[in-house]
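Subject: Structure handover

Hello,

Here is the structure for you to look over. Please open it alongside this note.

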Amino acid sequence: MGNAALREIAVIEEVPFEDLGGSVVAVDAHNWLYRYLTTTVKWTASETYTTADGTEVANLIGIVSGLAKFFEHDLTPVMVFDGGPSELKADEIESRREQRATYEEQLETAREEGDAVAIAQLESRTQRLTETIQTTSRELLALLDVPVVEAPAEGEAQAAHMARRGDADYVGSEDYDALLFGAPETLRQLTSSGNPERMSLEATLEKHGLTLEGLIDAAIMIGTDFNPGISGVGPKTALKAIAEHGDLWSALEARGEHVEHGDRVRELFRNPTVTDEYEVDTLIDPDIAAARAYVVDEWGVDEGEVARGFERIEASVVQTGLDRWS
Amino acid sequence: MFKAIVSAETLSSALDSVSVLVDECKIHLEEDGFTIRAVDPANVGMVDLSLDAAAFESYEADGGLIGVDLSRLEDIAGMAESGGLVQLELDEETRKLHIQIDGLEYTLALIDPDSIRQEPDIPDLDLPASVVLEGKDINRSVKAADMVSDHIALGVDEGEEFFYVDAEGDTDDVHLELTTTELIDLQLGPAHSLFSLDYLKDMNKAIPAAAEVTLELGEEFPIKIHYGFAEGQGQVTYMLAPRIQSD
């Protein structure tokens, strides 16, 4: 989930939802769903989201209440999923299953070879969400007319790419690594109660007199999703080392340290695998009756768990904003 | 520089029409009168108000900008007796507004205009239908609709030539038709849009019963509500975004 030590470096401010109204948020969908999954599983009786054959679909409860939050504050979410097929069609679900099998094979190989970077990358794509959760999440989002983008690799990198291209106003992620992927502005705490936090790349770089490359190098010393970092090196030490020695290699050399696959991790942040091939229709027109039937009738989720969320969606999405006409 | 004397009633009418949408606003103190433009935090309802210098007993200004807490200023204006006058004077140094009402002096701390929500751009809308009616007919429509629903449909029947109001509740419905004989004027055009009663009720509160009100409407488009106050020397235009049915 990124490295929380980056928080000490990042420039973050709390921002009221009302200041964000009308914005498009490219959400790191796995990160977002995972948050809701853990809270739903923690606080809700498992019978309410487990089908007769024992399949757990807690994600559906999470999506309903999570989207209500976006819509109520006039935020348009674009859900960006980690690497997978581009559209949700029956034959493609099969291809995603195959892809997942491929990832798992690759993961096996990576483990055998002890390739830490590949292990970290593949684990995040294979283990966090089950196949059922992958499929049902996309199907429910489609019924609610929420745009979905399939990233070629890391969803977070793709979301940052979309924000940089101006197709989203913010990246939505709890992960501080969003900064390293170059997300200009990231909204955190979209899944918690209370106001979100806004993390700004430009302000962060300015504050420390860094370039994005320098920030990435400092983060690699501290540790990222893809490398463990140097033991005993925290944000202060890393920033100082990069400022003194210019870049990662010189800084490491001066300390007599080594970061395994440092070059690959660096490349992963500097030139992540992303695509310009996506289409986003931000005019959302959800079919609430169909979505409710899908969650309650088709997947047998306890109606009481989603009634309030659907009501909130119904009450909010239909009100348009004047900015739509200006 | 800003120095003015205005009837408490005129000042209250102006402030009330803005305070139904926002708590704080910027007031532009132009040479020929003051103007206010504000949008509610959800960006659903907007108000554009102007009060000509002629509406004041006396008026002097040179293009300043102040930020005010509306409910505070409304409370102060409410201290005046019926027909009373309010004297306003801006102290540029202290950024305070000195207010005098029948010997009562009130010094109002102003709000930094930069801290107030940005003023909206006014959407440039060409709405096909226009309905002119009395404020009391709007009041009646809104009140009736509010008994059964949270929203209200406003539209024009081009064939039968009437303006209509519809509200559908879980059990009860309200329908009202106003023909050209009951309306002051009707320009036919395709019009049917649904609006939140929460907003329309608030706007209705500010509209005087005797005012001549112009509604401009389209199909699933914002509504423009236009009326005058202070003998036509004050003008208010509301704009309200529609609700769009999701299925």
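Below are the ground rules, then the findings.

This is a predicted model, in which local features need pLDDT of at least 70, side-chain atom pairs count only at pLDDT 80 or more, and totals for chains, interfaces and linings use all residues. Residues are numbered from 1 along each chain as its sequence is written, chains are lettered from A and ligands numbered from 1 in the order in which they are written, and side-chain values use heavy atoms, with hydrogens and water left out.

Charged patch, chain A

A:Asp297, A:Glu298, A:Asp302, A:Glu303 and A:Glu305 form a negative surface patch. Patch residues have over 30% relative accessible area and no salt bridge, and like charges are joined within 9 Å. (A salt bridge is a side-chain nitrogen of Lys or Arg within 4 Å of a carboxyl oxygen of Asp or Glu. Areas come from the Shrake-Rupley method with a 1.4 Å probe. Asp and Glu count as negative, with the charge placed at CG of Asp or CD of Glu.) Two helices of chain A, H13 (288-298) and H14 (303-317), each supply at least two residues of the patch. Helices here are DSSP runs of H or I, at least four residues; strands are runs of E, at least two. A:Glu305 sits in H14. A:Glu305 counts as partly exposed because its relative accessibility is 34%. (Buried means under 20%, exposed over 50%, partly exposed in between.)

A:Glu174 and A:Gln189

A:Glu174 is in the loop between strand S5 (170-172) and helix H7 (177-180) of chain A. At 7% relative accessibility, A:Glu174 is buried. A polar atom of its side chain lies 2.7 Å from the backbone nitrogen of A:Gln189. A polar contact is a pair of N or O atoms within 3.5 Å, one able to donate a hydrogen and the other to accept it. A:Gln189 belongs to the loop between strands S6 (185-188) and S7 (197-200) of chain A. Its relative accessibility is 25%, so A:Gln189 is partly exposed.

Positive phi

Most residues other than glycine have a negative phi. A:Gln189 is not a glycine, yet has a positive phi of about 60°. B:Arg95, also not a glycine, has a positive phi of about 55°. B:Arg95 is in the loop between strands S7 (85-91) and S8 (96-101) of chain B. At 33% relative accessibility, B:Arg95 is partly exposed.

Chain B strand

B:Phe162 is in strand S12 (residues 162-168) of chain B. B:Phe162 is buried, at 9% relative accessibility. B:Thr179 is 17 residues away along the chain, but the two C-alpha atoms are separated by 4.5 Å.

Best wishes

Technical notes
Patches are made of residues with over 30% relative accessible area and no salt bridge: like charges are joined within 9 Å, nonpolar side chains (Val, Leu, Ile, Met, Phe, Trp, Tyr) within 5 Å. Buried means under 20% relative accessible area, exposed over 50%, partly exposed in between (1.4 Å probe, protein chains only).
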